Number of protein chains: 4
Amino acid sequence: MSNVREARVTRLSMAAPDDVAPIEAAIAAGTIDPAAIGAIFGKTEGNGCVNDFTRAFAVRALRDMLRTHLGATAAEDVALVMSGGTEGALSPHWLVFEAVPSAAAPRADALALGVHLTPALAPEQIGRTAQAKAVAAGVVEAMRRAGIASPDDVHYVQVKCPLITVERATEAAARGAPPRTTDTLKSMGLSRGAASLGVALALGEVAAEAVTDAAIGADFTVFSRRASASSGVELMANEIVVLGRSAQWTGPLTIDSTVMADAVDLSGVLALFQRQGLAVGGRGGAAAAELVALLSKAEASSTGRVRGFRHTMLDDSDIAATRHARGFVAGVLAGVVGHAEIFVSGGAEHQGPDGGGPVAAIVRRG
Amino acid sequence: MSNVREARVTRLSMAAPDDVAPIEAAIAAGTIDPAAIGAIFGKTEGNGCVNDFTRAFAVRALRDMLRTHLGATAAEDVALVMSGGTEGALSPHWLVFEAVPSAAAPRADALALGVHLTPALAPEQIGRTAQAKAVAAGVVEAMRRAGIASPDDVHYVQVKCPLITVERATEAAARGAPPRTTDTLKSMGLSRGAASLGVALALGEVAAEAVTDAAIGADFTVFSRRASASSGVELMANEIVVLGRSAQWTGPLTIDSTVMADAVDLSGVLALFQRQGLAVGGRGGAAAAELVALLSKAEASSTGRVRGFRHTMLDDSDIAATRHARGFVAGVLAGVVGHAEIFVSGGAEHQGPDGGGPVAAIVRRG
Amino acid sequence: MSNVREARVTRLSMAAPDDVAPIEAAIAAGTIDPAAIGAIFGKTEGNGCVNDFTRAFAVRALRDMLRTHLGATAAEDVALVMSGGTEGALSPHWLVFEAVPSAAAPRADALALGVHLTPALAPEQIGRTAQAKAVAAGVVEAMRRAGIASPDDVHYVQVKCPLITVERATEAAARGAPPRTTDTLKSMGLSRGAASLGVALALGEVAAEAVTDAAIGADFTVFSRRASASSGVELMANEIVVLGRSAQWTGPLTIDSTVMADAVDLSGVLALFQRQGLAVGGRGGAAAAELVALLSKAEASSTGRVRGFRHTMLDDSDIAATRHARGFVAGVLAGVVGHAEIFVSGGAEHQGPDGGGPVAAIVRRG
Amino acid sequence: MSNVREARVTRLSMAAPDDVAPIEAAIAAGTIDPAAIGAIFGKTEGNGCVNDFTRAFAVRALRDMLRTHLGATAAEDVALVMSGGTEGALSPHWLVFEAVPSAAAPRADALALGVHLTPALAPEQIGRTAQAKAVAAGVVEAMRRAGIASPDDVHYVQVKCPLITVERATEAAARGAPPRTTDTLKSMGLSRGAASLGVALALGEVAAEAVTDAAIGADFTVFSRRASASSGVELMANEIVVLGRSAQWTGPLTIDSTVMADAVDLSGVLALFQRQGLAVGGRGGAAAAELVALLSKAEASSTGRVRGFRHTMLDDSDIAATRHARGFVAGVLAGVVGHAEIFVSGGAEHQGPDGGGPVAAIVRRG
């Protein structure tokens, strides 16, 4: 019996953070099989910062929906990754990832996906090398599940990682194991950073000795070109979704990736579009490949400059720098894509170079 | 004796809204002649909305500087156009426009500029066809001063137009001439709209009968492809800066323009770049033409959609839609330009199609 | 058999918009009887404006909780009124209103509550006198249910009212019945205004002939001193909660009310505190009465002035005027109350005088 | 010959940050003598945070005005203290402080003022005990100039203090004297904290050994009850304005002060109002004393709670916590004052207890 699977990715516009109706409709129409869903990403219309409740609202609506189809236990196995913030013309949407058993022959470079949840961390491990190592092991396991043979075939690794709350910090300190920080907001960045360097370790992007406690959250010359991390209060483990290519999968989808060197760098993206036969501006002919989803990270460069010109994102006390960066980078990418229903996230510590970030494209081959 | 002039445009980064030091330095270095300055545009780092004082602060610093070089009277003749809002990576900068007498031979398609101040309007004329007609006449006069023969040679018309304050409305009503609105904010949009349709009239872009009181601020299918308008409390006249091409001017600079059909539309911009020999991403070879300045307008589409996908700009009560639109469109353009020291303004009533806007490029020919 | 009821009001801090755990705990502890719940008010930590999803998130969590206790049908009968925005030190909290059958003797001035849902409106009725009349009838019915004999005994009327969406406007127009506006945001204010004038009609605060289509949303000298209205997309009816005093009820709670004439007016509130034996600053002795809940409305005066001094709330393009007003008025009241776990809502069209608003206090008598 | 002086304080509404017309009018009317001006405070309508240019805009307008009356040199001697942020109903205004020679007899408790500029600090002294000591010495000198005999007679000390820019940090590090921080924003808080503890030292509020580098910016149980500090990029010295009472001064004005223990604490303010014969709500009879100016500081408590109830100011990524706190505390005070043309500033490190702040009232005695 064949173990071949086909990865399916369905992009669906959402009318509100709890609008799961398009997913329900796709299930009813048979174009999404709920039992095959491995992960759902959501780009929701909050501020993407501390007090963004659109993420939790979306997760609640998704879990409720999944429970009606899968039962309470199996519904928990689906990785749900919400990213808040649709600045500029960014359009709220879902990305539903399925792994469907297939009788077809494997196809070269087919999109593959693997999901894994690491064991829970102790609070004092968050934002330190212990977390990076745990994530690195988890990426290896997720790659195994995805049947991705080589780190070179991995194009995007999404990690949802924990953060340090006051309660967690207190508990750890009481055990004589002080956490890296007692500042919740700071712990989010440190956790994202450690998780991303864990991805970099697993993919062989950085040497093990470069990933030290001192480097995490400080030395941004050390980074992954394929990691995307977000931290959430709801878990103490690291939830990992690996997207890559595998000879064990089939179907029309593939994935490719690049890195923006800074907020205006289109060179890699344009090369990717050419390589994959994608039309710039989205107005390709009938034969062209089709962009199913674009995933990227955005951040304001810490130098206060882009290509030598001053930006004001870090000095604007009215709009968070992450919101500025998301809207602007969304524009840079949307001009090439031809629309703005793309997945741009903020908070890119050790995810691409300072001020830049990873970009991955899921492509339906022509 | 020759009447040939050379238009010079100097783009200078500013460190703060009142940072005229770079202009002073250029004057000291002899690269700017204060007596030749016809206009100064400033992209300042405020919110670009009602309570943006960076514009007035910049104007105060500029006038003070100009007075030391030109004396009080001549300093008033320089058109000062400030546009607030440097969302995303947009970089605050000055554009200093000079008209320098030249002994050189005229050069085809050379950049030409003309400045004109219309007579003051009565409050009840603002936002109505009377204003459109006054602006139309003013554009014709500014074209004459610029030596631009045909409307087709005009590529950008900047208008600073008045608004209706409570005092002005009261005064007009007392005379039995009620103004179009007593809402100051609304009057700004109506004034920009009437001014832009005035430009459209002068350039033959719309039929005279299409410019009615009812259409101004309401029927956005009627628009100019080359107007850029901003309203300010400090004047009752319309201050007009026309940029175009003229056979009576000389020098390496030229100007070209296009229109974005919507917020992600790069087709016209890419065509302009190709036509002018500009390198996409800013990394051209030695022989390539050089982009001196990019001027454009941005706005959130009133339909709530871009290419069929919902945007959330009009529903975001935390960030003004104009700020969203400016940052996003800046990204779309900056990816092509290769940096974000570009002049993107908001508030685009009747300036390009709904959700889109005019784009002009000042180019140093290779 | 006695028909005496006791109104109970439980104020519970919430840790997040979906944090119903404190209500669950009170139910488990027997201090709240889910079957007795008539209404739940929630002050949630969103922006209180268009894109505030904390309200819907809270409602979802509340309905889910109520369903587990009451079943699906009865859960729908509980009036849920969410008000977003906890600016300044305002503290997110729930107010759970119960009507509990009691064997005790009635007590003078006891708090009474009545809930009623009017029939659904047609879109073209929203924001017009038809809505005001429907609400007026509904208030009368809610008073009857509450056993409140005289309009003078009513101290607070909360109305959740509908709004006009694009779809509703289109449907109505197709029937030849154009709605009052096709602008959703504007329809919210008009609906709140019509509903509030409906309350004023029912309570005899205004003459019937003063409530005209022209006055709704325009003539703010006509207003209710006891109405509080909010509009939501989820209903076409008007959901009414009347709070007042009744001789048919019992228990230690009573209610009193006053009006702030402007944003700094404490005179009525201080008089209420004295009348009810409440300690200013919350630091009363053992015998003093206790403030259980404070409910009020806040808005920026449309004149741009408070007591003759200019305010900048309407000109601030970075913070919505409703957020400014809520935080400021919360401060005015919290100084007297002694804490900021109080229910201050924005959007006060025809609810108190321009720039002011109604204030109601639920008091546990000493 | 008498050395008796009279302190005059004129509060004037401003229509915009550069609106010095009311001061000019008062000079023209003879009610302000420009030669007697010692300090001008301005509450301007910016965001009060990093990118608030209303402060610099106001200073530019004030200096230009002063120069026309006093000449360039003397104009520099006037202390100009701008505080941005008029959240809620806070009203933009000027406070002009004069010291006028008087032939009258001294009057007990008369308002006295003294201004002093300390020597410039080195960058590495900012935010450290060296700064605190320099400010302490400066306060003593300003008291001497004010003729204030005892620290107990000091009621308000305003300090404008320097900050560390990247350039200053680099210069210091090159000399082998690393500054306390290289983060500009952080240096502002540390500088305000050190300056405030310098005030505390001078006034005997804290023991010398309590003011350590480690305590500055960290141990907020150590604080001044009368300091108000703001940091600005334009100076390396500390500019000090001491307000107090002196037997060497005359006139109807006096000053009193108290401390808010937290954001809702009115107890001290109400006691001050009673002590001084001021009417709560501003509606006193003819004989009552009159409040000329109210000065206070506001901040969000670092505990995330006020009187045990959670606040959301520190978690709101859309509005800076300082803006929330200013608007709310302004409300608390304005309810008592009876209007909101009061001077509430943010950023209260070591200025009053955590979450609270100093309050000073300048009173015209009845």
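Buried area is taken here as the accessible area (1.4 Å probe) that two parts lose on being put together, summed over both. The model is predicted, so local features need pLDDT of at least 70 and side-chain atom pairs count only at pLDDT 80 or more, while totals for chains, interfaces and linings use all residues. Residues are numbered from 1 along each chain as its sequence is written, chains are lettered from A and ligands numbered from 1 in the order in which they are written, and side-chain values use heavy atoms, with hydrogens and water left out.

B:F309, B:R310 and B:F328 supply 21% of the area that chain B buries against chain A, more than any other three residues. In terms of contacts (heavy atoms within 4.5 Å), 43 residues of chain B meet 43 of chain A. The count of salt bridges between the two is four, a salt bridge being a side-chain nitrogen of Lys or Arg within 4 Å of a carboxyl oxygen of Asp or Glu. One of these pairs B:R310 with A:E45 (2.7 Å, N to O). On the chain B side, α7(B) gives the largest share of the residues touching chain A, 10 of them; helices (H or I, at least four residues) and strands (E, at least two) are DSSP runs, numbered from the N terminus.
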